[in-house]
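Q: Can we walk through this one together? I have a few quick questions.

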Amino acid sequence: MTYLLDHKISPSGSPHNTSAWVDSYDVTVGENLGEMELVKIEKKKYWVHDDWYCKYITVKTPSGDYVEFPCFHWLVDDKEVVLRDGKALLPKDDKTRLVKQHRHKELESRRKTYRWREWQPGIPMSIDANTHKELPRDIQFDSEKGVDFILNYSKAIENLCVNQFMHMFQSSWNDFADFERIFVRIKNTISEYVMQHWKEDFMFGYQYLNGCNPVMIQKCTKLPEKFPVTHDMVADCLEREMTLEEEIEAGNIYIADYELMEDISPNSTDPCTLQYLAAPICLLYNNSQSKILPLAIQLGQTPGKDNPIFLPSDGQYDWMLAKIWVRSSDFHIHQTVTHLLRTHLVSEVFGVAMFRQLPAVHPAYKLLLPHIRFTIAINTKAREQLICEFGIFDKANGTGGGGHVEMIQKAMRSLTFRSLCFPDAIKARGVDSPEDLPYYYYRDDGNRVWDVTKSFVWDVVCIYYDSDDTVQKDEEIQAFVKDVSSFGMQDLDCCGFPKSLKTREELTEYLTVIIFTASAHHAAVNFGQYDWCSWIPNSPPTMRKPPPRQKGVVDVKFIIQSLPDRGRSCWHLGAVWALSQFQENELFLGMYPDEHFIEKPVKEAMELFRKRLAEVSSVIKIRNEGKKLPYYYFSPDRIPNSVAV
């Protein structure tokens, strides 16, 4: 009897290496092996570095059938890899002792390899590895060089032609024209528009809807006592011949509260430069043209004589600096909470739990794997170089030196599972009505991508789970969910992460949250950083003078001296440019080149998913035509599958 083994292997380097080749071997045995349940691969270790990446093994049986055994693993040292065929199976589907045993052994081995560790107290758990090199080979980057933050940021600074200012740390710019001179060679359509219009109230308000951090605005149903804005203060800005109270009742007033920033330690790593933070509150008005405009800004949480409420009717520089302070606080919340915590760290929790609790044969593992690709690697590299003590984050950010960790710890109180469900998060802020807020593209496009993704996940779930009872009896999916809650999220009562799943609908929503967070939501809050943050006065990463305590004392010189110095400006530019770049050979939402699923119904579901995503991309493209400020961050053709940058 002849079994033809056809296996595709890449040499040491990238698993997507174009120089990979296919080897075929005829293996003759003296008897019929019957139905093949497992294939084992062994690699002998030689003196030279000789890791090999195996994509799959195809077996041709004596009857002429082909059976595919997907691998997608690195073969390292003398370790063996034992493979199942490509069919996705729940635990209940395994009938023989051999395959049940294999399933158990695989998870046992993975739990020893993928261990939880607390990077900092009170934040989501991460993988137990100090450096990228310590990670399991299967989840490392193909080339570590490509994710070296120091190298990338330095290269970005050089490419942006601002490296001549790097030795000028602590040296202030002379005026706004200085910012323009470093910026003019590196602008793009949106960033240039921001540079031209950043002083205008409409641009300030627009960013709450479609900027880099479009998650802060919420409906104001009652003015908080800590923010005593009166009708007389803002009467000149109201357009509908209504009082402020009536505007609130009519649903036209919104608020952005940066309370999280209160008492966060400012960066003190550079004794030559004092840095400052603020926790402002901003009142916003939806005017008769449906533009969001700022009505009032208080730069601290406690009202009083030394914490005035700044208004559009104040002096030009008072109002400008108040808005700059809000934009700076918004930058800190965006970087540390919206971006780092709520996409990077959360996705890592799901990824580590997946490796620990779901075997490769499980349909949920096959579904999720493309969406945690390189996430643990990028986060480990960040802890190694970027957000660690004395890391790059300390160089330019006002929350460096530990403030960013304090922020994450505080933000954990509001990180609930429901807040990761996109439609729920939108509704919780009272901004779900297109009639009330017609130009909130973040909401509209996000809902479209959420719905299409959820529909795809539902199709896949229904292929393998014929009832709610099947979900409840799947001990592996239940263990996965419990591991996320009890270990990854440290069993925090406030987080509300489910400890079990009872229905197919709950499972669908849970898997949708994982995929959407890692792909769409990360794209929406990451890839606009250069657009919106490269014009530094619009998103200052640090402030070098404290918030003003009275009106009428600020001039343009004071504002320039408050903004980042030359060196910090350059580091900031390098960072937002590098973070806004797609990875080489990026895989976008709906692209699954590694065939983890072999079943026809799943492939059909994937094809339908791609078709629906293409329709969303088309709708967004048509809507953006002719716009000076196009919104494309949720366009599926620009959404990478995973958090990998």
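This is a predicted model: local features need pLDDT of at least 70, side-chain atom pairs count only at pLDDT 80 or more; totals for chains, interfaces and linings use all residues.

Q: Okay. What lies across β10, β11 and β12?
A: Helix α5, residues 201-210, does. The helix runs at about 95° to β12. β10 covers 253-257 and β11 covers 281-286.

Q: And what is the strand order in that open sheet?
A: The order is β9-β10-β11-β12-β13. That makes five strands, with antiparallel pairing.

Q: Which strands stand at the edges?
A: β9 (218-219) and β13 (309-310). Each has a single partner strand, so one side of each is left without a neighbour in the sheet.

Q: How many bridges pair β12 with β13?
A: Two bridges, in the antiparallel sense. Strand β12 spans residues 292-298. Q298 stands opposite I309 in β13.

Q: Which strands does helix α8 touch?
A: β12 and β13. Helix α8, residues 316-357, packs on the sheet. The direction of α8 makes about 95° with that of β12.

Q: New topic, backbone. What is phi for S290?
A: About 60°, a positive value, although S290 is not a glycine. S290 sits in the loop between β11 and β12.

Q: Why does S290 count as partly exposed?
A: Because its relative accessibility is 22%.

Q: Is F72 buried or exposed?
A: Buried, because its relative accessibility is 12%. The cut-off for buried is under 20%.

Q: Last one, H522. Where is that?
A: In helix α17, residues 504-526. H522 is buried, with a relative accessible area of 1%.

Q: What does H522 contact, leaving aside neighbours within four places in sequence?
A: H339, T343, H344, F516, T517, F527, V643 and V645. The side chains of H522 and H339 make a polar contact at 3.4 Å.

Q: And how many residues lie between H522 and T343 along the chain?
A: They are 179 residues apart along the chain. Their C-alpha atoms are separated by 5.7 Å.

How values were computed: Residues are numbered from 1 along each chain as its sequence is written. Side-chain values use heavy atoms; hydrogens and water are left out. Two strands pair if DSSP finds at least two bridges between them. Helices (H or I, at least four residues) and strands (E, at least two) are DSSP runs, numbered from the N terminus. Contact means heavy atoms within 4.5 Å. Axes are lines fitted to C-alpha atoms, for helices over the stretch in contact, and angles run from 0 to 180 degrees between N-to-C directions. Buried means under 20% relative accessible area, exposed over 50%, partly exposed in between (1.4 Å probe, protein chains only). A polar contact is a pair of N or O atoms within 3.5 Å; within protein, one must be able to donate a hydrogen and the other to accept it, and residues adjacent in sequence count only if both atoms are side-chain atoms.
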